[in-house]
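These exercises ask you to describe the pockets of a protein. Work through each task before reading its solution.

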Amino acid sequence: MKLDAMENPFPLPEALRAELGQRLAAAALNRYPDPHGGELPQRLRAAFAIPDAAALLLGNGSDEIITLVCQALARPGATLLAAEPSFVMYRMNAVFSRLNYVGVPLRPDFSLDTPAMLAAIDAHRPAVVFLAYPNNPTGPRFARDEVKAVLDAAPGLVVVDEAYTAFAEDSFMDLAGTHPRLLVMRTLSKLGLAGIRLGYAAGPADWIAELDKVRPPYNVNVLTQAAALFALDHLAVFEAQAAVLRQERARLHAALAALPGVTAFASEANFVLARLPDAPRAFAALKAAGVLIKSLHGGHPLLNHCLRFTVGTPAENDRVIAALPDCL
């Protein structure tokens, strides 16, 4: 049972598979894809309330958009700043693009240390700041006013990564295109479309134009475009699945929090992070019981003895909850 990668556990409903097959069969595989996604950007705007003021950039997952941001801003002495622990691709792309990387530790409860962030911004004058909203791998969503403070203080681009927006209670999309330094980045992966690899960024037209200069010309293939348009036609199905996962997240969190010696952290994503008395032992015991989750122990001092549980189907969560007492 695979619960280690924050994937939507629900497969495409049987009733939709034949229609998807027909849509993909009709794709022009002999032609290069529309480099700007054809009708897809407008469909994304309508589906996710993207402001008219925001320009859009499509990516091969949000991972590619992180890469494009780093490539566009890389220059001698430039700095990428991020809270940590957070998504590992921020640091990795800083290394790949030869940006200086500055990580600002979160507080022990995984809230944002805003004074430390603002001090780091003042000291390093970063070309780009990445903030995951909610944060991966910890789960909480930073306070909106704190993120606004970072936006106001940053001299360069601020990327608010909303990969888990389907499970969160707030978004910065309402400011996309109007705040001069804000880029809101999202992906369809967590909604249930991880396999098609589609991400997008919304922000000021001048920033999007610069990022577009380093984008590969055909980065979103015809099958991804067709599958995404199909999914948007049936968005209610995926939103209903997300609603189930939000309910299951609460149940999984309560079960973890009730265990002796376990601290379960608040989450607005599709996973729950928990600190256990002996994370390596629990991880091994769960794996032996046929449950694969993510061990973060040793990855960062704040993550010592932490395990991350992707929220599964109700039946999968039943198995995890039943197995946990014997795994501590």
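**Exercise 1.** Find which helix gives the most to the lining of the second largest pocket, then describe that pocket.

*Solution.* 
Step 1. The model is a predicted one. In it, α10 contributes three residues to the lining of the second largest pocket, the most of any element.
Step 2. Other elements take part as well: α2 (40–48), β6 (182–187) and α7 each supply at least two residues, as does α10 (235–257).
Step 3. Sort the lining residues by class. Eleven are nonpolar, three are polar and six are charged.
Step 4. Give the volume: the second largest pocket holds about 300 Å³ of space. Its lining has 20 residues, and those closest to the centre are Phe-48, Thr-165, Ala-166, Arg-186 and Leu-191.

**Exercise 2.** State how much space lies in the largest pocket, and work out what lines it.

*Solution.* 
Step 1. The space in the largest pocket comes to about 740 Å³.
Step 2. Count the lining: 35 residues, with Met-6, Phe-87, Val-88, Asn-136 and Arg-308 nearest the centre.
Step 3. Two or more lining residues come from each of α3 (61–73), β2 (79–84), α4 (88–96), α7 (189–193) and β10 (294–295).
Step 4. Pick out the main contributor, which is α4 with four residues.
Step 5. Sort by class: the lining of the largest pocket has 17 nonpolar residues, nine polar ones and nine charged ones.

**Exercise 3.** Which helix supplies at least two residues to the lining of the second largest pocket and gives two or more to that of the largest pocket?

*Solution.* 
Step 1. Take the elements listed for the largest pocket, where α7 (189–193) is included.
Step 2. Turn to the second largest pocket, where α7 is again listed.

Note on methods:
Residues numbered from 1 in each chain as written. Predicted model: local features only at pLDDT ≥ 70, side-chain atom pairs only at ≥ 80, totals over all residues. Heavy atoms only, no water. 1 Å grid on protein atoms, 1.4 Å probe; cavity = no way out; pocket = protein on both sides within 12 Å on 5 of 7 lines; lining within 4 Å. Points joined across faces, edges and corners; volume = space filled by probe spheres on them. Nonpolar A, V, L, I, M, F, W, Y, C, P; charged D, E, K, R; others polar.
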